[in-house]
Amino acid sequence: MVSAVMSAAEPKAVRRKAWLTNINAWLLLLPAIVLLAAFTHYPILATLYHSFFSLSRGGASEFVGLENYTYMLEDDVFWQVLRNNIVFAIATVPTSIALALLMAVWVDKKMAGRSFLRLAFFTPTVLPMIAVANIWLFFYTPDYGLLDQLLKSLGFSGHNWLGDPSTVMTCLAVMVVWKEAGFFMIFYLAALQTIPPELKEAAEVEGASRWYFFRRVTLPLLMPTTLFISINALINSFKLVDQLVIMTKGGPNNASSLLLYYIYEVAFTFQDTAFAATLTVTLITILAAVALTKFVYLDRRIHYQ
Amino acid sequence: MRHKGHSVETIAAWVLALLWLLPLVYSLWSAFHPSEYATRFDITAPLTLDNFIRAWNQAPFARYYLNTLMLVSLVLAGQLIVSTLAAYAFARFRFFGREVLFALVLVQLMIMPDVLIVENYRVISALNLLDTIPAIALPYIASAFGIFLLRQTFKSVPNELVEAARVEGASSFGVLWRVFVPLGKTTYIAFGLVSVSYHWNNFLWPLIVTNSVESRPLTVGLAVFGAPETGVDWSVITAATVMTMAPLLLAFLLFQRQFVQSFMRAGIR
């Protein structure tokens with residue numbers, strides 16, 4: 001700002017001022033730069049670096065080229081957690097979005113008790129995942145748990161929901177949708193409130209049905225919001241692993257393990273930091289790809305509007 | 001016909017809302033009733049605080065509360081100072097390397113400290129900080145998100161206000177303190193609420209870097225307490241769970257509008 005005004009009359013004073021501006025700005029940024037370098041940039045580079053080295057248990061670590069990566073590609077568990085993560089994303093992202101949209105449409109209408117509805121839908125968002133996991137763990141507990149008690153009272157037999165590889169992912173997905181949908185609802189709510197009411201009035205005059213209006217006007221106008229939420233939900237599906245620590249520890253037989261949880265296990269249970277670094281590079285690549293898609297696609301779209 | 005459609009929808013909305021509250025209501029039920037009523041829903045069941053008293057006595061929850069409070073205050077104070085200074089530089093100064101530096105800040109929006117657990121553990125251990133509260137806080141103090149939000153806010157401050165303050169003889173730090181900070185109030189509140197909620201609830205990183213009662217936050221304390229190996233009674237675990245979520249939940253119920261608006265502002269950017 002200040003150095004922008006350059007006058008030829010006093011070049012020396014101006015240059016001094018530009019110097020001061022630079023020093024001032026860099027001093028203001030210093031704390032942020034140091035901390036970001038120490039806990040973001042250096043760790044990213046160090047992860048990459050360590051993924052090319054062998055594990056140094058006692059001795060010195062050696063450069064092994066792509067050996068860790070070959071090992072990763074031959075590791076069945078890696079492929080399984082990656083597949084789990086994709087299944088988890090496919091199971092949670094569209095469901096939370098659809099529910100969020102439904103909730104937002106309801107809360108946006110002049111409906112009896114709409115502030116109560118909003119409260120009910122949003123509350124799970126502010127709860128710690130670890131507390132949520134504790135509560136849901138009891139729902140899914142075999143025999144003694146709430147779900148099994150309910151089934152038994154209806155005459156069905158119980159089931160070990162979290163102990164069965166074929167049901168564990170669904171159980172976790174239901175819980176995560178419950179926790180996340182209300183959070184995404186508020187973005188739809190904000191977007192719905194920007195749709196001019198005249199549009200609706202005009203459509204009513206034209207005799208368009210509510211469903212037609214929703215499909216042809218509301219939904220397209222909400223498109224940027226939907227994209228924004230999808231990207232965030234997708235990133236979350238790679239970041240959310242707290243529940244696994246409490247509920248399944250990734251089991252049975254890695255059936256519910258996700259990439260970040262596997263990294264945690266490999267690094268802190270098996271103490272194999274070289275392989276954990278290799279897995280982290282994979283996770284970083286996925287997150288960067290998602291973020292770049294967002295940057296190229298979403299941000300440009302919003303720009304045009 | 002029209003009215004009928006509306007009432008059906010209202011009923012559906014209410015059913016979903018009640019279903020959504022069910023897990024929470026259930027946890028309250030179980031926490032405030034004797035354990036033999038954990039799955040027996042009898043209106044006449046006696047209310048009790050016994051589960052809370054037992055949880056409180058069986059694990060150092062007072063200490064966990066204190067740790068969490070220290071953690072969220074430390075993170076928030078650090079974030080506010082660091083982001084304010086950085087955002088001011090990005091919004092109001094033209095200097096060498098501005099674009100590159102800003103891009104480097106944005107990297108953290110993409111790759112958050114939450115996924116860099118392995119290397120951050122090494123950094124923290126090299127700094128000799130393992131098992132301390134600053135160890136949990138440090139990776140989050142420089143927040144790209146906070147810098148980004150505040151930069152947007154500071155950019156919209158009218159130039160006339162800055163000029164006026166300068167005429168009155170304010171230094172660039174004085175301008176920041178007397179013009180920018182007061183005008184950023186809503187952003188500060190939004191960012192603050194999101195940050196406190198996030199760090200009150202954060203779990204994996206604190207679990208990794210802490211190892212003792214003196215540094216464990218509530219979430220980790222709850223996980224240790226509720227582990228199946230401990231064989232603690234289910235109702236007592238729920239009481240502990242309710243204790244962990246209560247402060248944030250109460251704050252949310254009291255300041256609902258601010259919470260929703262803050263999360264929205266912070267999310268939309």
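This passage describes the two chains of a predicted model, their contact and selected local features. Residues are numbered from 1 along each chain as its sequence is written, and chains are lettered from A in the order in which they are written. Because the model is predicted, local features need pLDDT of at least 70 and side-chain atom pairs count only at pLDDT 80 or more, whereas totals for chains, interfaces and linings use all residues.

Chain A has 13 helices and 0 strands, where helices (H or I, at least four residues) and strands (E, at least two) are DSSP runs numbered from the N terminus. The radius of gyration of chain A is 26 Å, well over the 19 Å that the globule rule gives for 305 residues, so chain A is more spread out than a compact globule. This radius is taken over C-alpha atoms, and the globule rule is 2.2 Å times the number of residues to the power 0.38. Along the principal axes, the C-alpha atoms of chain A fill a box of roughly 90 × 75 × 30 Å. Of the 305 residues of chain A, 38% count as buried; a residue is buried if 20 or more other C-beta atoms lie within 10 Å of its own, exposed if 12 or fewer, and partly exposed in between, with C-beta atoms placed from the backbone. Residues 24 or more positions apart account for 66% of the contacts in chain A with a separation of 6 or more, two residues being in contact if their C-beta atoms, placed from the backbone, lie within 7 Å.

Within chain A, helix α12(A) is mostly covered, with 9 of its 10 residues buried. Among these buried residues are Leu259(A), Tyr261(A), Tyr262(A), Tyr264(A) and Glu265(A). The loop between α11 and α12 of chain A holds Lys249(A). Phi of Lys249(A) is near 55 degrees, a positive value in a residue other than glycine. Lys249(A) counts as partly exposed because 14 C-beta neighbours lie inside 10 Å.

The secondary structure of chain B comes to 14 helices and 0 strands. The radius of gyration of chain B is 23 Å, while a compact globule of 269 residues would have one near 18 Å. The C-alpha atoms of chain B fill a box of roughly 70 × 65 × 35 Å, taken along the principal axes. Buried residues make up 45% of the 269 residues of chain B. In chain B, 75% of the contacts with a separation of 6 or more are accounted for by residues 24 or more positions apart.

The domain assignment of chain B gives domain 1 (2-48) and domain 2 (60-268), with bounds that come from an automatic or database domain assignment. The C-alpha centres of these two domains of chain B lie 34 Å apart. Contact between them involves 6 residues of domain 1 of chain B and 7 residues of domain 2 of chain B. The side of domain 1 of chain B that touches domain 2 of chain B has 3 nonpolar, 3 polar and no charged residues. In this classification Ala, Val, Leu, Ile, Met, Phe, Trp, Tyr, Cys and Pro count as nonpolar, Asp, Glu, Lys and Arg as charged, and the others, Gly among them, as polar.

The axes of helix α4 (residues 98-110) and helix α7 (residues 144-155) of chain B come within 8 Å and cross at roughly 120 degrees. α4(B) is therefore oblique to α7(B). Axes are lines fitted to C-alpha atoms, for helices over the stretch in contact, and angles run from 0 to 180 degrees between N-to-C directions. Angles under 35 degrees count as roughly parallel, over 145 as roughly antiparallel, 65 to 115 as roughly perpendicular and the rest as oblique. Val105(B), Leu106(B), Gln108(B) and Leu109(B) in α4(B) meet Ala144(B), Phe145(B) and Ile147(B) in α7(B). The residues of this contact divide into 6 nonpolar, 1 polar and no charged.

Two loop residues of chain B may also be described. Asn128(B), in the loop between α5 (117-126) and α6 (133-141) of chain B, has a positive phi of about 60 degrees although it is not a glycine. Asn128(B) is exposed, with 8 other C-beta atoms within 10 Å. Ala170(B) is found in the loop between α8 (159-167) and α9 (172-183) of chain B, and is partly exposed, with 16 other C-beta atoms within 10 Å.

Between the chains, 68 residues of chain A are in contact with 69 residues of chain B. The largest share of the side of chain A that touches chain B, 19 residues, comes from α1(A). That side of chain A divides into 54 nonpolar, 12 polar and 2 charged residues.
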